[in-house]
Amino acid sequence: MTTGRHSATELDPSLDDYELAAALVREAGQLALLMRMGGLQGERKTSVSDVVTAADHAAEAYVLEQLRRCRPEDGILGEEGSSVAGSSGRTWVIDPVDGTYNFLQGSTYWCSAIALRHDLPAAHGVASDPDVILGAIYQPELDKLWTGGEGHPATLNGERIGGPSGAPLSELGAATYIHPTWLADPRAAMPWHAAAVSAASLRMFGSGSCDLGRVADGELGCWFQHSCPEWDWLPGKAIVRAAGGDTAVVRVNGLDWFIAGGPTAVRELRAALTSVPQFA
């Protein structure tokens, strides 16, 4: 199988933003899956678990091409390097394959994700947490499509979802991720440990967007992780908020921690993360 142009659909520019986002993640996810079936090798980025494949690049190239044709005035930002300045005040943020390590290992726990954000200063002065218009997350092998955003209820495969649990953190399973090297650094290890021991159980699956879709639909109780780039955060943030959940970003010892869940869980995660000693 080649890694060049794929027979994915040329999308209709008259689709509304939600229809376009859903079509993009479906097509990108299916392209990546087909390429994996044809055989792929990973290329190391920053560590043995931080990898990229030809499928990541091909899926991002497809989304980039479609967006430049369907939304020529919008900006575009992609994990694998796409960067297009727009004039509309909006930017599409692309994660062609979230969970690439899982993807390469043959796991089903990976997805294609996209968000549309406002090009405005973030609320409350948090530069890492811009305002998001919509998100779409597609997990190809399970055929799960989450969407949601401003003025649009959160859905899973077109059915409205109930939203995150309102239970306290001590009664919830928390999904999280921390790279092993950060556990040797007290700046990250101390707040992570404080939050982790506050939950009823922990889950670490390796795809933040897959996790956040499940927080939105109540399968996972809540979620926290530090230093998330926009493509790992904004698609899920939009959907969790559209489902009636809460999100927050809090800075502890120079690191931004990203939190999602029901309002009680988010409040308690924030308190746990900020309970540790602050380094100068």
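Predicted model: local features only at pLDDT ≥ 70, side-chain atom pairs only at ≥ 80, totals over all residues.

Let me begin with a question: is C228 buried or exposed? C228 is buried, because its relative accessible area is 7%, where buried means under 20% relative accessible area, exposed means over 50% and partly exposed lies in between, with a 1.4 Å probe and protein chains only. Residues are numbered from 1 along each chain as its sequence is written, and side-chain values use heavy atoms, with hydrogens and water left out.

Staying with cysteines, if a disulfide is taken as a pair of cysteine sulfur atoms within 2.5 Å, the count comes to 0 disulfides. C111 is in no disulfide, and the nearest cysteine sulfur, which belongs to C210, is 3.7 Å away. C111 counts as buried because its relative accessibility is 0%.

Now to the sheet, for which helices (H or I, at least four residues) and strands (E, at least two) are DSSP runs numbered from the N terminus, and two strands pair if DSSP finds at least two bridges between them. There is an open sheet of 5 strands in the order 12-11-13-15-14, with mixed pairing. Strand 12 (201-203) and strand 14 (246-252) stand at the edges, each with a single partner strand, so one side of each has no neighbour in the sheet. Within the sheet, strand 13 and strand 15 pair in the antiparallel sense over 5 bridges, and F224 stands opposite I259 in strand 15. Helix 7 (residues 263-273) packs on this sheet, where helix 7 touches strand 13, strand 14 and strand 15, contact meaning heavy atoms within 4.5 Å. The direction of helix 7 makes about 5 degrees with that of strand 14, with axes being lines fitted to C-alpha atoms, for helices over the stretch in contact, and angles running from 0 to 180 degrees between N-to-C directions.

What about the aromatic rings? Rings of Phe, Tyr and Trp (its six-membered ring) pair if their centres lie within 6.5 Å, and planes under 30 degrees apart count as stacked, over 60 as edge-to-face and the rest as tilted; a search of the whole structure finds 5 such aromatic pairs. One of them is the tilted pair of F224 and W257, at 6.5 Å centre to centre with 40 degrees between the planes. That pair links distant parts of the chain, with F224 in strand 13 (residues 222-226) and W257 in strand 15 (residues 255-261), 33 residues apart. Both F224 and W257 are buried. W233 and F258 form an edge-to-face pair, 5.2 Å centre to centre and with 65 degrees between the planes, and here helix 6 supplies W233 while strand 15 supplies F258, 25 residues apart. W233 and F258 are buried, and together with W223 they form one aromatic cluster.

Helix 6 (residues 230-242) also holds K237, and I would ask which backbone oxygen the side chain of K237 reaches. It is that of P130, at 3.0 Å. K237 is buried, because its relative accessible area is 6%, and, not counting residues up to four places away in sequence, K237 touches D129, P130, D131, V132, L212 and T247.

Note on methods. Polar contact = N/O pair within 3.5 Å; in protein donor to acceptor, adjacent residues only side chain to side chain.
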